[in-house]
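Please read the points below with the model open beside you. They are numbered so that each can be checked separately.

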Amino acid sequence: MCSRFADRAVRAGTAVIAIAALAACPRERRTFHDSPPAASVAAESAKSVRSDSGVSREGPYGDNAYALYQGKTLFAAFNCMGCHSHGGGGMGPPLMDSAWIYGYEPANIYATIANGRPNGMPSFKDRITPQQIWELVAYVRSMSGQGSKAARTSRNDEMEVRAAESQTTTEKPVLVTPPPTVNPPAQEGHP
Amino acid sequence: MAGALLACAGCSLHNTQNALDASGPQSQRIEGLWWLFLPIAAVVWVIVIAVMLWGAARKRSPREGMETRGGAEVVAGDEARDRRMTRIVAGGVIVTVVILFLMLVADFRVGQALTMAPGTQAVPIKVTGHQFWWEVQYPDSVPNKTVITANEIHIPVGVPVVMELTSLDVIHSFWVPSLTGKKDLLPGYRRSLWFRADTPGVYRGQCAEYCGLEHAKMSVLVIAQKPQDFAAWRAAQLDSATTPSDSLALRGKTVFMGTTCVMCHSISGTSAAATAGPDLTHVGSRRMIAANTLPNTDANLYAWISDPQRIKPGVLMPATKLDPRDMQALVAYLRHLK
Amino acid sequence: MTAPTLVIGEPVPVDDRAEREQMDRVWGSKPGFWGWLTTTNHKEIGKRYITTAFIFFLLGGIEAAMMRTQLSRPENSFLGPDKYNQIFTMHGTTMMFLFAVPIMEAIGLYFVPLMVGTRNVAFPRLNAFGYWLFLIGGSFLYVQFFLNTGPDVGWFSYVPLSGPQFSPGKRADTWAQTITFTEIVAIVGAIELIVTIFKQRAVGMSLNRIPIFVWAMLVTAFMIMFAMPAVATASMYLALDRLVGTHFFNPAEGGDVLLWQHMFWFFGHPEVYIIFLPATGLVSTMLPAFTRRPVFGYPAMVLALISVAFMAFGLWVHHMFATGIPQLAASFFTATSTMIAIPSGVQIFCWLATIWSGRPRFATPMLFILGFIFLFVIGGVTGVMIASVPFDLQVHDTFFIVAHFHYVLVGGAVFPLFGAIYYWFPKVTGRMLSEKLGKWNFWLFLIGMNMTFFPMHWLGFYGMPRRVYTYLASTGWGPLNLLASVGALVIAISVIVFLVNVVTSLRHGEIAGDNPWDADTLEWATTSPPPAYNFLHLPVVQGRSALWDEGDEHQVAVGTSTERREVLLTTTLDAQPDSRESHPHDSIWPLAMALAIGVLFITAIFTPLALPIGAVLGFIAFAGWAWPTKEDVESESDEKVSLEGA
């Protein structure tokens, strides 16, 4: 171990580690307090379908594994499954296919969750925090394979009802025409 | 009253969390094993070290000669000495086997005592582990007499308690050292643990199986009360929450129903029925909050609700930003939920 | 070319310089960077293993220091829960998988060929491959750690916490793949040791004359062969659950969370004996030199090693006593866990008899041996206590267990290891370590160990569980934790003293000579450091203490080729000459294969394409490795040898 090649190897290794440390992987970041952007997006009206709010392509959490995991947990905890099932839809539209009624950009989905949509999607902006909404946005997008594959959630320890999000092929999202409004936009929704 | 609680906040709330201060027969039997094992261990160790040090330091007599073999100076072979040592080593092994066997017998007897069935008058309690809190249910043959609470378990003194343990997420472990050994809460399994408290008191325990970010702050309180106090407590727990009469608390109820709280918590007697977080119907009567991390004072409630992530980073509960007066109202409402 | 027949006889004193130069040419590594990459010399590889494993020890120690700093005060804010959880996981994983097992194997790979009197391990290129894979695997773990992707699920990685639902991201996959790397490395080392010990011993070194250290390494190697596949399979199941969506550990689909625990601990318990038995071998190696007599009770010592190895596979459920297994099953494991104290006791009594009837010299290695007994017996008696189910139900997963296993691992394995470093440093480097600094090292380590870990027995009883990043002030655990943290500081100082000793002695240490301790095993019969070919003439052994039982006739075996690399194979039981086996030349293909496998494992956690890519790369490396060379074709004349003159 006294050879100078060993010294060189050690120096090289240290340099690699130092560089790696600076480039800490965004997928694995865990922030427990966060103030992701909310105000500008929440102001978007209920009917708008596309919005360019300056948020990054994937939203603040699209490539963050911990946020996607939180989003999946919240999806169950807040009973989104009651209408959307595990993404196949029911009373509410499916979330794991490529058809998006009110827009598929993160900002659109944020608005959908925060403000509600016609035909029964409740408004949640007073009931869940902006950070939680962004986590749900990221998770919902991952259901159709959007966002970083390495960060997407894997199967839950439950009965298997669908492929894991990390194994979902990415569906290119398309806008479809909204169905006719049969109910007025949802009021203060109940969970 | 708030002042008294605050004053106590800094001190140990008579928490007894000590396997060597047993307050029930299970812990006592185990503590008895320790006081049996410790002297045996100490004596064995002292003898071994004494032989080692004496053997190393003793003066060698000239009769213990050296010889030269293969160019090196080594201790001369001595068959008589070797035979003697063989007998001594064999004797040591036999003594070891006997001691180990006696310890084994003691083990098995205590083990048997701990696992014998507690009898039909045991109080059944169901504990379900979550990240990072304990869901507690007192089942009853009449379904609407089932008590649901969280993190604080009341038991009657002198009456055995049978716990049914399971988990809805990862593996946890229920451990109250003053009362009994631990038992894991395993997803997919229902495990039983029975024990008895013989002295009234507040016994603290902690989750004893690494379960994630806030494993360190997942504590449980077991409060052993006289049977009549326990019955009174249990009856009070069956009551639904009442509508508060004072205006601040009433405003607090409106705040509760209108913000993040209602998405995860339930309060029986209201429309809050979510089960993602602990049941809050009687949260005002609990000694501590946040799975027994903080004393249950107004200031702590305020701090906890405003930003749980500051106190337990990694719990599922989000930071709730409220106007200070709304927050005070909310705290007043929770205080009302005794 | 006529193959010379083997001759056993006395060496004729001649000027052997030309012969030595020829052997250096045949067995030496190529010069320069290429030589460094291609060497298959077991001593070079052993030194690298030892140094790399020791660097991991230091990294693990830094992690421990960070943990103790965080826990020194209640509600400390030095490390948050996420960082703390990563650090305690890294500490355990590093110490168990990257330090303890590799360093014991490495000492075996360096010294077993010397002790059995051969020139290299049985499969030199495989040995090189093992080291490179170890380096790649360990570096992978640490690069991931610095990328915030270090595992945070504990070194034992229980499901469902480490499973697909509750461990987002790639952290647990990093852990699983690190296991895959290290377990292949361990198996490679085990294969080397078993075959070398069985087939390449010196003439006359029958099975009942093998040094106890060699027995310990042989038994450990067998344990590795049986234990490592269990954890490899477990980590593979975990990776499949996480990456592919299988249900091995999913109760909802017929899996079982306890399956993980059974598989892991079936490996995990033998693992600690894999670490401990070589340490007992180290003690048995050093004690003769410092008591001037062979270890008392050779047959008992060997039988003790073998019975520990067998029994170690029957204990694993004692890690699961709190999971609610049936009482009858648990009792069985209580009985076996108690029983295993008996062979350990036999070993200790034999060592005590050796010390008693010998003439002790208190050089630093001897101090570490005495310290080992002092600490190991404490760990051993608490071990018998926790074999009891009811007792364990109180102290399982508390700091009592942390105290127990540090006493047996640090006291029982690291102390002999340090002693062995002081003992063998002269042989490896040609210089002695400083005795003065050695004594400081020893006393600081002993005091620090007790200060750190003895209070933890009480912390366990007072309710402090393991793997907690902090604790409330009202628990009253503060003072004992502070004491433990100060003890950790003392240990850190002792390790620094050791490092200073190593660095200064490398340059200025007293020159050692061939056998500075006047010891009895074969490695002391050659120069310090040994030449590339180990022994100019292969030794012949006449008794258990190779050098002390030599008699006036110092016999060697001559006749293996000096024109190409050749070792002598002997029969397994009686070590009579059997045949000559040619050994390959240095080669780059082990490194290539390690890189191919590294690529396969690392990319497998990101994409299934890793498998075809890795398969192709692996095939290329394998083809290069196995391609017959000119030398291989020539040496097909391996032939049986006969004995002439005895």
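1. Apart from its neighbours within four places in sequence, B:Arg81 is in contact (heavy atoms within 4.5 Å) with B:Val75, B:Ala76, C:Arg293 and C:Ser357. B:Arg81 belongs to helix H3 of chain B, residues 79-115; helices (H or I, at least four residues) and strands (E, at least two) are DSSP runs numbered from the N terminus. B:Arg81 counts as buried at 10% relative accessibility, where buried means under 20% relative accessible area, exposed over 50% and partly exposed in between, with a 1.4 Å probe and protein chains only. Between the C-alpha atoms of B:Arg81 and B:Gly65, 16 residues apart along the chain, the separation is 12 Å.

2. On the basis of these values: this is a predicted model, in which local features need pLDDT of at least 70 and side-chain atom pairs count only at pLDDT 80 or more, while totals for chains, interfaces and linings use all residues. Residues are numbered from 1 along each chain as its sequence is written, chains are lettered from A and ligands numbered from 1 in the order in which they are written, and side-chain values use heavy atoms, with hydrogens and water left out.

3. Two packed helices are described by the angle between their axes and the distance between the axes. In chain C, the axes of helix H12 (residues 364-386) and helix H15 (residues 435-461) come within 9 Å and cross at roughly 10 degrees. Axes are lines fitted to C-alpha atoms, for helices over the stretch in contact, and angles run from 0 to 180 degrees between N-to-C directions. H12(C) and H15(C) are therefore roughly parallel to each other; angles under 35 degrees count as roughly parallel, over 145 as roughly antiparallel, 65 to 115 as roughly perpendicular and the rest as oblique.

4. Which residues make the contact between H12(C) and H15(C)? From H12(C) they include C:Leu367, C:Phe368, C:Gly371 and C:Phe374, and from H15(C) they include C:Asn441, C:Phe442, C:Phe445 and C:His457. By class, the contact has ten nonpolar, seven polar and two charged residues. Here Ala, Val, Leu, Ile, Met, Phe, Trp, Tyr, Cys and Pro count as nonpolar, Asp, Glu, Lys and Arg as charged, and the others, Gly among them, as polar.

5. C:Ser494 lies in helix H16 of chain C, residues 478-508, and is buried, with a relative accessible area of 0%. Not counting residues up to four places away in sequence, C:Ser494 touches C:Asn441, C:Leu444 and C:Phe445.

6. Rings of Phe, Tyr and Trp (its six-membered ring) pair if their centres lie within 6.5 Å, and planes under 30 degrees apart count as stacked, over 60 as edge-to-face and the rest as tilted. By this rule there are 86 aromatic pairs over all chains. One of them is the stacked pair C:Phe372 and C:Phe376, at 5.7 Å centre to centre and with 20 degrees between the planes. Being four residues apart in helix H12 of chain C, the two are separated by about one helical turn. Both C:Phe372 and C:Phe376 are buried. Ring pairs also link a cluster in chain C whose members include C:Phe54, C:Phe368, C:Tyr422, C:Phe442, C:Trp443 and C:Phe445.

7. A charge sits over a ring if NZ of Lys or CZ of Arg is within 6 Å of the ring centre and within 35 degrees of the ring normal. B:Lys182 lies over the face of B:Trp175, 4.0 Å from the ring centre. C:Arg48 lies over the face of C:Trp36, 4.8 Å from the ring centre.

8. Two peptide bonds deserve a look. The bond from B:Gln131 to B:Phe132 is cis, with omega near 10 degrees, and B:Phe132 is in the loop between strand E3 (123-130) and strand E4 (133-138) of chain B. The bond from C:Val159 to C:Pro160 is cis, with omega near 0 degrees, and C:Pro160 is in the loop between helix H5 (124-146) and helix H6 (171-199) of chain C.

9. What is phi of C:Ser157? The value is near 45 degrees, positive in a residue other than glycine. C:Ser157 is in the loop between H5 and H6 of chain C and is buried, with a relative accessible area of 0%.
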